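Please view the sequence and the model before reading on.

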Amino acid sequence: MEITARGLWTLIHGMGFGALYLLACSGALVELYFFTASHQLSPPAPNHERFLKAYLIAMVMLAWFAVLSGTYVIYPWYRAPPPPGAADLSMFPQHLLMSSCTTSGWHSLGMEWKEHVAWFAPISITTVAFVFLRYGRDLRNHRQLRAAVLCFALVSFLAAGVAGLFGALINKQAPVQCGHTFQLRAGGER
Amino acid sequence: MTTPFHSASPQIPALPNGSGAAAILSAGIGAFALAVLSIAADKSALVKSSLNFYAPTGPLSGVTTVAILLWIVTWVILEGRWRSRTVAIGRINAAALALLGLGLLLTFPPLADIF
């Protein structure tokens with residue numbers, strides 16, 4: 001049982017940052033909706049507000065770690081050009097996908113979309129977090145600002161969802177692999 | 001005796017909306033800039049090479065760096081101007097969400113390829 005260095009980084013990027021962000025996003029949408037709703041019967045508890053602020057800050061960090069690790073660690077491995085005349089393209093995912101008309105769409109549509117739309121997630125959630133940190137419970141009294149915050153949170157969720165979905169599907173078609181191998185567990189004889 | 005929390009109708013805001021409006025509009029501008037820059041880098045060899053800030057990542061490094069810088073600079077400027085003001089949030093919201101929506105659409109390759 002082993003994993004390559006590139007496989008491990010892909011795991012950290014996709015599962016550690018991306019999937020965790022998506023999970024957090026669904027919770028944040030619900031929390032933001034109810035916390036800032038003007039029809040609440042009682043004022044929110046201060047520790048509830050503090051918790052939501054910390055939660056949003058953690059989400060901002062997750063979103064930025066996800067796009068930065070994707071763009072500057074994983075993506076260079078994905079798009080690396082193979083040496084001239086290379087027959088085995090398994091270490092060069094983009095070129096492997098582009099080598100067949102049955103898989104080229106995973107790059108020309110999937111990766112081309114993912115690499116740009118993913119950046120909408122940190123931009124949007126940073127905005128959401130800033131506005132919530134600044135206004136807190138007072139956001140209940142700014143109905144239009146609240147509506148915009150919820151829209152940005154939703155866009156962040158959708159952008160991360162598209163990026164995560166294509167990331168998983170592309171990695172299934174042409175995994176980013178190679179590099180140092182880490183032995184996780186020695187295999188026993190069957 | 002504490003004042004009861006009247007919730008059915010919003011209370012008077014304690015803070016002006018300018019700071020929030022600045023954050024929202026600048027994010028819309030940043031998102032739209034990212035989409036426009038990605039199309040420009042795809043269509044123009046000159047833009048593509050000039051946005052190649054970090055060779056292993058290619059023009060994506062420049063597209064995202066410039067868009068982020070535009071977003072931050074716009075945010076700082078708007079924050080400085082609107083921080084203590086109440087602004088026309090309805091129009092600003094509409095503009096920001098339109099820019100964000102257009103940006104999202106323009107990152108979708110079949111639509112970006114129209115240009």
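The model is predicted: local features need pLDDT of at least 70, side-chain atom pairs count only at pLDDT 80 or more, and totals for chains, interfaces and linings use all residues. Residues are numbered from 1 along each chain as its sequence is written, and chains are lettered from A and ligands numbered from 1 in the order in which they are written.

**The chains**

Chain A has six helices and two strands, where helices (H or I, at least four residues) and strands (E, at least two) are DSSP runs numbered from the N terminus. Along the sequence of chain A the order is β-α-α-α-α-α-α-β. The C-alpha trace of chain A spans about 65 × 40 × 25 Å along its principal axes. Its radius of gyration is 20 Å, whereas a compact globule of 190 residues would have one near 16 Å; the radius is taken over C-alpha atoms, and the globule rule is 2.2 Å times the number of residues to the power 0.38.

Chain B comprises five helices and zero strands, in the pattern α-α-α-α-α. The radius of gyration of chain B, 19 Å, is well over the 13 Å that the globule rule gives for 115 residues, so chain B is more spread out than a compact globule. Its C-alpha trace spans about 70 × 30 × 25 Å along the principal axes. Chain B is divided into domain 1 (40–77) and domain 2 (85–115), with bounds from an automatic or database domain assignment. The C-alpha centres of these two domains of chain B lie 19 Å apart.

**The contact between the chains**

Chain B contributes 37 residues to the contact and chain A contributes 39; two residues are in contact if their C-beta atoms, placed from the backbone, lie within 7 Å. On the side of chain B that touches chain A, helices H1 (18–43), H3 (59–82) and H4 (89–107) each supply at least two residues. H1(B) gives the largest share of that side, ten residues. The residues of this side of chain B comprise 23 nonpolar, 14 polar and no charged. Here Ala, Val, Leu, Ile, Met, Phe, Trp, Tyr, Cys and Pro count as nonpolar, Asp, Glu, Lys and Arg as charged, and the others, Gly among them, as polar.

**Helix packing**

Two packed helices are described by the angle between their axes and the distance between the axes. Axes are lines fitted to C-alpha atoms, for helices over the stretch in contact, and angles run from 0 to 180 degrees between N-to-C directions.

| Helix pair | Axis distance | Angle |
|---|---|---|
| H4(A) (residues 104–117) and H6(A) (residues 143–173) | within 9 Å | roughly 140 degrees |
| H5(A) (residues 120–135) and H6(A) | within 8 Å | roughly 150 degrees |
| H6(A) and H4(B) | 10 Å | about 10 degrees |

H6(A) is therefore roughly parallel to H4(B); angles under 35 degrees count as roughly parallel, over 145 as roughly antiparallel, 65 to 115 as roughly perpendicular and the rest as oblique. Among the residues that meet are A:Leu145 and A:Cys151 in H6(A) and B:Leu97 and B:Leu100 in H4(B). This contact of H6(A) with H4(B) has ten nonpolar, three polar and no charged residues.

H5(A) and H6(A) are therefore roughly antiparallel to each other. Their contact includes A:Phe132 of H5(A) and A:Phe152 of H6(A), and has 14 nonpolar, three polar and no charged residues.
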